[in-house]
Structure formats: C-alpha cells, structure tokens
Amino acid sequence: MSNRIQFDTTYADSFLTPEELARMEETILDANSTLIGRAAPGSEFTGWLDLPINYDREEFSRIKESAAKIRSDSDVLVVIGIGGSYLGAKAAIEALSPAFYNETNMQGGKNPAIYFAGNNISTRYLDGLIKAIGDKDFSVNVISKSGTTTEPAVAFRVFKELLEKKYGAEGAAERIYATTDRERGALKKLADANGYETFVVPDDIGGRYSVLTAVGLLPIAAAGLDIDALMEGAAAERSELMSLPFAENDALLYAAYRNVFYQKGKGVEILANYEPGLHYVSEWWKQLYGESEGKGGKGIFPASVDLTTDLHSMGQFIQDGSRILMETVICVDDPGVEMKVREEENDLDGLNYLAGKTIDYVNKQAMAGTAMAHVDGGVPNMMIHLPKMDEYSLGQLFYFFEYACGVSGYALGVNPFDQPGVESYKKNMFALLGKPGFEERREELLKRIQ
Ligand code: PA5
C-alpha cells in the first residue's frame, strides 16, 4: 500500500464537465504561480511554503529537549493559545494519540496529559481544568504570535500564578515555555523578564499556517509524537505539489474542484471524517479555510461533520436539505488496529451476518454507502485517502490543505493570508472592557446598549 495521501474524485466527477474543469485549470494555474511567485498581497506570509525543508534546526533540537524535559518532570502540560496558536497541535495530538489518552496519562501513562486553555474565556472551563490537574506536576506552554491576545493572556495569568504558588517564582519559570514573536509583544517582554525558554513564531508565517513551527511542534513532541516524521511527510508532499502538473497535482485539483462547485452554487463545504480522532483536524481546517477565504463578501463556508455519528443528526440535511453543499471526506485507509464482530450462537441482535468481518470493514461500507447516497442527493463528494493515522501521513495532509488553501484563496480573488475581520470583535470587546485607547468606541457602544 502506498504511503502517500491521495485525492480521489470518483464521487465528484459527475458534478462537473471536462470543459468546466479545463476553464478552472487556467485560473488555478495562475493562482499557483501567484502563490509560489510570492509577488501578490499576502506573499510576506508564505514562509510556510518552504518550512518543511527550511526550518531552524537549532530550534528544532531545543523543541525536542524541552519536550523531553516536560515528559520527565510533568504529568500534565497546559497549552495556552487560541486559533492558529492551538488548533494545529490539538489536531495532531488528537489524531495521533490513542483515544482517551489524557485519561490514561493522568493515571500514570508514559506521556503527560495535554490540556488546552486560553481558547475560550469560560470560568467553568478554567475551574474544571485546575481541578483536573489537582496536585499533579505540570508545565505550561503559552503560545501567542502577537503576544497580546486576550484569551490566552487571561488564562496565562491564572496558570502562572498556580505554578508560582506550587514551585516558587524560579521553579515556575523553569516550567513555562513561551512561543511568540522573535522581538515584539507583551509575551516576549514577559518571557525575557522572567527567563522563560522561548520559541519563535516566524514573521512570515501566520497563525493558521503555523502548525509545523514551534507553535505546533512543542506540544506535539511533548505528547510523545514523532515530529521528524511529521516534517518528513510535509516535505514529501511539498515536493509533489511543487512539481507535479495540474492533472496529477492533488492540491491544485482539490482547489479546482471546490471552486467549480462554488461557482455552481455550492457555497458550503463539509469536511467529513469517519474517525473521531480527526475531529480537530476538521476544526483546524475550518480555521484555515474560513479565515483565508471568507472575506470581501466571498468564500466557501467551511463546515464539518464526524461520521457516522452525525448521520444521525445532520444526515437528513446533507441528504435532502438546501442543495448548497459539497463534501470532502477524509478516508483513513488503515486505522492501525483490528477488531472483528464475533459470532453469537443465538444471534438475538441479528448481527451474525457480519460475523468475522472487521469493524473497520463495517465503517468503510458505511462510508461508501453514504458517499453514493449523498451523490444521489446532489452533494458532490471529494475524497482524500489518508494511508494511516500516523505522523508521516498527517504531515502530508497538513501541507496539502495549506497549499490548496493558498491556491484556492488566490483563485477566488482574495488575499488568503490576512484576517481583517477578526479585529472587529476585539475592538468592541476592548472598548467594553475599558481598555485604554478605546474610549471613543466605548461611548458609541454604550449608547447602543442603553
Ligand atoms: O490565524 C490567525 O492568525 C489567528 O487565528 C491567530 O492564530 C489567533 O488570533 C491567535 O493569535 P495570537 O497567536 O497572536 O495570539
């Protein structure tokens, strides 16, 4: 079996004509030249393009050393960050660790439990996490490229104080790892002042493209996962996508198909998986595509479902609701573990017709049956084959989605590397919180509330 990921259009081809694809090919090739030519708006944030072959080896070694230290002195690692500063790590750890890894690790497993904070502003969440940590030994990786984002800053204050109470100021500083800008921002100042181990978010890589920088790599390595294999997978994918012609280039084809479908009225793309461990890969993907494409009144709305779970909740809509949907299914070819349905003498549950079959066989038949049903319901189904749930495959998948997103965004006519819309809520929140510098907006907003 090949160890390469593969884009498969078997269940999508009937929804477009060769002429439509050929017309889109031109747009996509132009967008591809724009991306790799680095001459268009946003090009200053394309450092991720060469990252798999051109990363800071010294920092990479320090990441491994810090991960080893965390693994030796901590039962828990609290990863503090939001958006691009947490979703990649969360996606990789959930996909590659055994299910329920945190429960096992909290009971003395070989890796630290990894919990995420600073991705919401919920007191109940913080309180629950503090209780879950209890008297366990823990470390903190605080991640913020800007170093000023409110959600992680608030959570960091809480966990810094906890660490200082437990280990003293010096002991706490040895358990805090800060991933932030090379020079700027409040977090950088704090890290320098307190002597934290720091890692850099490169200037030319935006949050949602940062999973293969220290942002993703430190938590992933701390979870006991193989970051060399992750980078190797990404490098292999990069080499293919940078060289293969359109007809064989998975990322260009994916960008082309989804843009043809968008032009034909499919304004929503659902990313579907049949492995619960991929749930956060979908969350990461949603941020990547949503923030990259959703601007200027344009963009495909990225949604996701976990199947077969959501066939019992969203299945009706996908099959039969507004015909605005296209679907992309991630198929894990080999789940890496095997379980069979056993034969029972009395067959009271009527399942003996499956006896001897693997549970994954049942899953795959559900997947094929669903794809065909959705096609019959007018939903084009694109499929991405992931050979395994391992680091090498996931490295390929991350790079594949990033590359296709850059191309797709330029094809759509937007700058895929900015996110002007994200600022609006922040300005209102700062004004309502009374942050200095936001007085005028505060007055305006207060008038609207009264
Ligand atoms: O992709 C992005 O740029 C954003 O989602 C950021 O990652 C997110 O807002 C967090 O920003 P920061 O890392 O500056 O705290």
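How many cavities of 30 Å³ or more does a search of the whole structure find? The search finds one. The structure is a predicted model, in which local features need pLDDT of at least 70, side-chain atom pairs count only at pLDDT 80 or more, and totals for chains, interfaces and linings use all residues. Residues are numbered from 1 along each chain as its sequence is written, and side-chain values use heavy atoms, with hydrogens and water left out.

**Terms for elements and residue classes**

- Helices (H or I, at least four residues) and strands (E, at least two) are DSSP runs, numbered from the N terminus.
- Ala, Val, Leu, Ile, Met, Phe, Trp, Tyr, Cys and Pro count as nonpolar, Asp, Glu, Lys and Arg as charged, and the others, Gly among them, as polar.

**The cavity**

- Rolling a probe the size of a water molecule over the atoms shows where empty space is left.
- On a 1 Å grid over the protein atoms alone, a cavity is a set of points where a 1.4 Å probe fits but cannot get out, and lining residues have an atom within 4 Å of a point.
- Grid points are joined across faces, edges and corners, and a volume is the space filled by probe spheres set on the points.
- The largest cavity has a volume of about 50 Å³, and its lining consists of Tyr274, Glu275, Ile330, Cys331, Val332, Asp360, Asn363, Lys364 and Met367.
- Strand S9 (325-334) and helix H13 (359-376) are the elements that give two or more residues to this lining, and H13 provides the largest share, four residues.
- By class, the lining of the largest cavity has five nonpolar residues, one polar and three charged.

**The pockets**

- A pocket is an open set of grid points with protein on both sides within 12 Å along at least five of seven lines.
- The largest pocket holds about 970 Å³ of space.
- Its lining has 33 residues, and Pro98, Ala99, Glu275, Pro276 and Gly277 lie nearest its centre.
- Helix H3 (87-96), helix H4 (101-106), strand S3 (113-117) and H13 each supply at least two residues of this lining, with the largest share, four residues, coming from H3.
- The lining of the largest pocket comprises 18 nonpolar, six polar and nine charged residues.
- The second largest pocket contains about 700 Å³ of space; among its 29 lining residues, Ser146, Thr149, Gln419, Val422 and Lys426 are the closest to its centre.
- At least two residues of that lining come from each of strand S4 (138-144), helix H6 (150-173), helix H11 (279-293) and helix H15 (422-433), and H15 gives the most, five residues.
- Nine nonpolar, twelve polar and eight charged residues line the second largest pocket.

**Helix packing**

- Axes are lines fitted to C-alpha atoms, for helices over the stretch in contact, and angles run from 0 to 180 degrees between N-to-C directions.
- Angles under 35 degrees count as roughly parallel, over 145 as roughly antiparallel, 65 to 115 as roughly perpendicular and the rest as oblique.
- A crossing is left-handed if the near helix is turned anticlockwise from the far one by less than a right angle, and right-handed if clockwise; contact means heavy atoms within 4.5 Å.
- Helix H10 (residues 250-263) and helix H14 (residues 391-412) pack at an angle of about 45°, with their axes 8 Å apart, and are therefore oblique to each other.
- H10 passes H14 in a right-handed crossing; the residues in contact include Tyr254 and Arg258 of H10 and Phe400 and Tyr403 of H14.
- The axes of H1 and H14 come within 8 Å and cross at roughly 115°, so the two helices are roughly perpendicular.
- Tyr403, Val407 and Ala411 are among the H14 residues that meet H1, and by class this contact has eight nonpolar, four polar and no charged residues.
- The axes of helix H5 (residues 123-133) and H6 come within 12 Å and cross at roughly 25°, which makes H5 roughly parallel to H6.
- Leu126, Leu129, Ile130 and Ile133 in H5 meet Ala155, Val158, Phe159 and Leu162 in H6; these divide into eight nonpolar, no polar and no charged residues.

**Backbone features**

- Most residues other than glycine have a negative phi, and most peptide bonds are trans.
- Arg38, which is not a glycine, has a positive phi of about 50°, and lies in the loop between helix H1 (18-37) and helix H2 (57-73).
- Leu307 and Thr308 are joined by a cis peptide bond, with omega about 5°.
- Thr308 is in the loop between strand S8 (301-306) and helix H12 (315-320).
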